[in-house]
Amino acid sequence: RTDGMVEEVCARIPAEKLFMQSGIPPLNINTLFQLSYLVSHEKEEIFRAKRMLMMPDLFAYLLTGACRCEYTEATTSQLIDQSANGWNVGLIEALGIPKRLFCPLIHPGEIYGELKQEIAEEYHMEPVPVYACASHDTASAVMAVPSREEKFAFLSCGTWTLFGTELRRPVVNEKALEMGLSNEGGAGGTTTLLKNIMGLWLIQETRRWYNSTQCAGYSFADLESMAREAQPFASLIDPNSPDFAAPDDMPLKIQEYCRKTGQPVPETPGEIMRCVYQSLACEFALTMGEISGLTNSRWDKIHMIGGGTKDKLLCQLTADAAGVTAVAGPAEATALGNGISTLIALGEIRDIREARQMIVNSGLTQEFAPQAHEEWLPVLGRYRSLTR
């Protein structure tokens with residue numbers, strides 16, 4: 001339904017202005033364009049509504065009856081003015097969206113309200129307070145990055161992979177917009193500057209296709225093992241290409257991409273998986289260099305968090321391509337960050353720094369030292385000419 005909405009809105013309000021105010025690049029999935037569609041095409045529906053709640057806030061509403069919008073999640077809507085740390089009322093009015101829809105903001109560690117009496121009675125408990133966490137999953141995951149340093153690079157590995165760093169203020173300039181970077185709200189008044197990268201979706205869809213159409217029964221470990229045995233550096237793809245966005249025959253899509261770009265066409269599952277793995281590693285390495293240059297930062301390690309850290313080949317190839325140590329773990333960073341937020345609010349943990357040190361000491365991480373980085377240099381050059 002939002003096909004064409006970015007162009008429709010940006011014809012009235014330039015994309016550069018939207019980015020400079022929100023720190024978020026215009027994407028048709030953003031709430032801004034969802035609501036703009038309703039204003040343009042389903043006016044009766046949006047004008048019937050009393051409030052607009054993001055999904056985490058909907059759960060809090062069902063628990064407490066309180067309508068509030070948690071800040072880290074709200075920033076992803078592209079309707080927050082990050083310089084003012086509040087709703088962009090001028091933009092909302094310009095788009096014709098009813099202002100009444102937007103609830104007061106709440107920050108991680110603050111209380112939505114108490115558990116509804118009827119729910120408390122059903123579960124034979126007191127009406128306990130319901131705390132807001134950093135409800136955008138990336139914001140919670142970043143809270144659990146096990147770094148002793150204030151400045152660090154992180155790679156949140158999931159269906160989407162997010163490469164970024166934590167800053168004290170947004171980076172909103174033409175270069176950041178050109179790079180497709182997003183400034184999302186973090187806990188404690190921080191900003192998470194990151195790039196969205198097509199991540200484990202490529203691996204998940206390849207496995208799903210083999211198992212559903214060929215009854216192969218491959219586990220993720222099987223595919224990883226086959227990739228290890230395949231010849232390295234034969235072919236590369238751009239993981240962010242729209243070619244790979246929709247669920248379909250992912251192995252065929254990878255083969256067609258290699259064919260149209262004049263590369264050797266991977267045939268076996270191992271060759272296809274090797275192509276995916278090394279392409280992701282190249283993208284991670286180049287993105288690290290680009291964000292490092294933009295922020296004038298230098299990192300000697302990448303903190304890899306999330307479920308993708310269970311894939312040891314991905315972790316090792318990331319270290320090899322980037323030429324720095326990859327620190328993998330914790331796998332359940334988002335859940336840990338959620339807990340950290342509330343434990344800080346309750347006074348059980350002093351601050352994020354103490355929480356991160358606890359994770360450093362927990363044994364939930366594994367280090368991967370770079371190997372043969374020099375062999376990746378011509379490969380990174382090939383990848384750059386293919387994607388940049």
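Tutor: Contact here means heavy atoms within 4.5 Å. Please keep in mind that this is a predicted model.

Student: Which residues of H12 meet H14, then?

Tutor: On the H12 side they are Leu-223, Glu-224, Met-226, Ala-227 and Arg-228. Their partners in H14 are Pro-269, Gly-270, Met-273, Arg-274 and Tyr-277. By class, this contact divides into six nonpolar, one polar and three charged residues.

Student: And at what angle do the axes of H12 and H14 cross?

Tutor: Helix H12 covers residues 220-229, and its axis crosses that of H14 at roughly 85 degrees, the two coming within 7 Å. Angles of 65 to 115 degrees count as roughly perpendicular, and H12 and H14 are therefore described in that way.

Student: What about H11 and H14, how do their axes cross?

Tutor: Helix H11 (residues 201-213) and helix H14 (residues 269-295) have axes that come within 10 Å and cross at roughly 165 degrees. That makes H11 roughly antiparallel to H14. The crossing is right-handed.

Student: Which side chains are involved there, or rather, which residues of H11 and H14 meet?

Tutor: H11 contributes Leu-202, Ile-203, Thr-206 and Tyr-210. H14 contributes Pro-269, Ile-272, Met-273, Val-276, Tyr-277 and Leu-280. This contact has nine nonpolar residues, one polar residue and no charged ones.

Student: Changing topic to the strands: what is the order in the seven-stranded sheet?

Tutor: The order is S9-S10-S8-S7-S11-S12-S13, in an open sheet with mixed pairing. Strand S9 (181-185) and strand S13 (366-368) are the edge strands, each pairing on one side only. From one strand to the next, the twist averages 30 degrees.

Student: In which sense do S11 and S12 pair?

Tutor: Strand S11 (residues 301-305) and strand S12 (residues 325-328) pair in the parallel sense, over four bridges. His-303 stands opposite Val-327 in S12.

Student: Last topic, the whole chain. How many helices and strands does it have?

Tutor: The protein chain has 18 helices and 13 strands. Its radius of gyration is 22 Å, close to the 21 Å that the globule rule gives for 388 residues, so the chain is as compact as a globular protein of that length.

Student: What box do the C-alpha atoms fill?

Tutor: Taken along the principal axes, the box is roughly 60 × 50 × 45 Å.

Key
Residues numbered from 1 in each chain as written. Predicted model: local features only at pLDDT ≥ 70, side-chain atom pairs only at ≥ 80, totals over all residues. Heavy atoms only, no water. Axes fitted to C-alpha atoms, helices over the stretch in contact; angles between N-to-C directions. Parallel < 35°, antiparallel > 145°, perpendicular 65-115°, else oblique. Left-handed = near helix turned anticlockwise from the far one by under 90°. Nonpolar A, V, L, I, M, F, W, Y, C, P; charged D, E, K, R; others polar. Pairing = 2+ DSSP bridges. Rg over C-alpha atoms; globule rule 2.2 N^0.38 Å.
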